[in-house]
Amino acid sequence: MMSGRLLGLGVGPGDPELITLKALRLLQAAPVVGYFVAKAKHNAGQGGNAFGIIEQHLRAEQQRLPLVYPVTTEKLAPPLDYETLISDFYDTAAAQVAAHLDAGRDVAVICEGDPFFYGSYMYLHDRLATRYPCEVVPGVCSMLGSAAVLGVPLVYRNQSLSVLSGVLPEDELKRRLADADAAVVMKLGRNFDKVRRVLRELGRDGGAHYVERATMREQRIVALDEVDPMASPYFSMIVIPGARWQG
Ligand SMILES: C[S@@+](CC[C@H](N)C(=O)[O-])C[C@H]1O[C@@H](n2cnc3c(N)ncnc32)[C@H](O)[C@@H]1O
């Protein structure tokens, strides 16, 4: 029997209209739709963020395959170890997907934004792409969705763009931001306060823009000074555009 195809589909940053025609076509044709979801959401009968974006496009007969994260935080009390736990989880998730592929069924794994840009899909891809036919469909990543709703052109002419994770240690973040023509800082949440402090120390806070849940219904754009660091959600980002070219 021919094995099914593994499809990694980017579904865009939140606005359901920002999915590509190709991702939508492959999604609707797939007999199985895989999605990552936090345990609490799954237990409450919900899908993950990506699932919410595409749910309206699914037919009843398409099989839903929830891949349920065992933990949502990287900080765990010993003897629990995040790296081991999450790696075992991705092994199990890959085996769940592989069972369908072995039975000849295509599996569309949906991914918020782009699958190869910090996407959980990558961990399935790394485990399965050499064993099964596979296709990846790029999506509008959150960085570009954020720049668009903020109305800030990102990079002019020969400027370079730095994509930084808010998880970086403070001195490393400072070193990289000091050198950057333009930058986006992702993975804020509990890291927000640290990132804002670094931007202030570098005198770059004035040119920095903050957005929560860009392109989603709950989108919120707030001045950096007004953000409550205790309330900055996971789906947020700081965008520091390159100096405007007066062309
Ligand atoms: C695991 S990464 C996923 C990135 C995704 N694959 C993409 O292409 O944009 C999660 C981070 O992306 C950013 N993010 C994702 N969606 C966002 C949105 N709609 N608005 C603002 N930031 C978002 C946040 O910084 C969040 O911490």
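Which residue stands opposite Ala108 in S4, on the side of Val33's strand or elsewhere? In this predicted model, Val33 stands opposite Ala108 in S4, and Leu7 also has Ala108 of S4 opposite it. S1 and S4 pair in the parallel sense, with 5 bridges between them. S2 and S4 likewise run parallel and are joined by 3 bridges.

Strand S4 itself is mostly covered, with 5 of its 5 residues buried. The cover extends to both faces of the strand. Val107, Val109 and Cys111 are buried on one side, while Ala108 and Ile110 are buried on the other.

Helix H1, spanning residues 21–29, brings its own set of buried side chains to the picture: Ala23, Leu24, Leu26 and Leu27. In an α-helix there are 3.6 residues a turn, so residues three or four places apart point the same way. The cover over the buried residues of H1 includes strands S1 (6–10), S2 (32–38), S4 (107–111) and S5 (134–137), together with helix H3 (49–54).

Val163 belongs to strand S6, which covers residues 161–165. This valine counts as partly exposed because its relative accessibility is 31%.

How values were computed. Residues are numbered from 1 along each chain as its sequence is written. This is a predicted model: local features need pLDDT of at least 70, side-chain atom pairs count only at pLDDT 80 or more; totals for chains, interfaces and linings use all residues. Side-chain values use heavy atoms; hydrogens and water are left out. Helices (H or I, at least four residues) and strands (E, at least two) are DSSP runs, numbered from the N terminus. Buried means under 20% relative accessible area, exposed over 50%, partly exposed in between (1.4 Å probe, protein chains only). Contact means heavy atoms within 4.5 Å. Two strands pair if DSSP finds at least two bridges between them.
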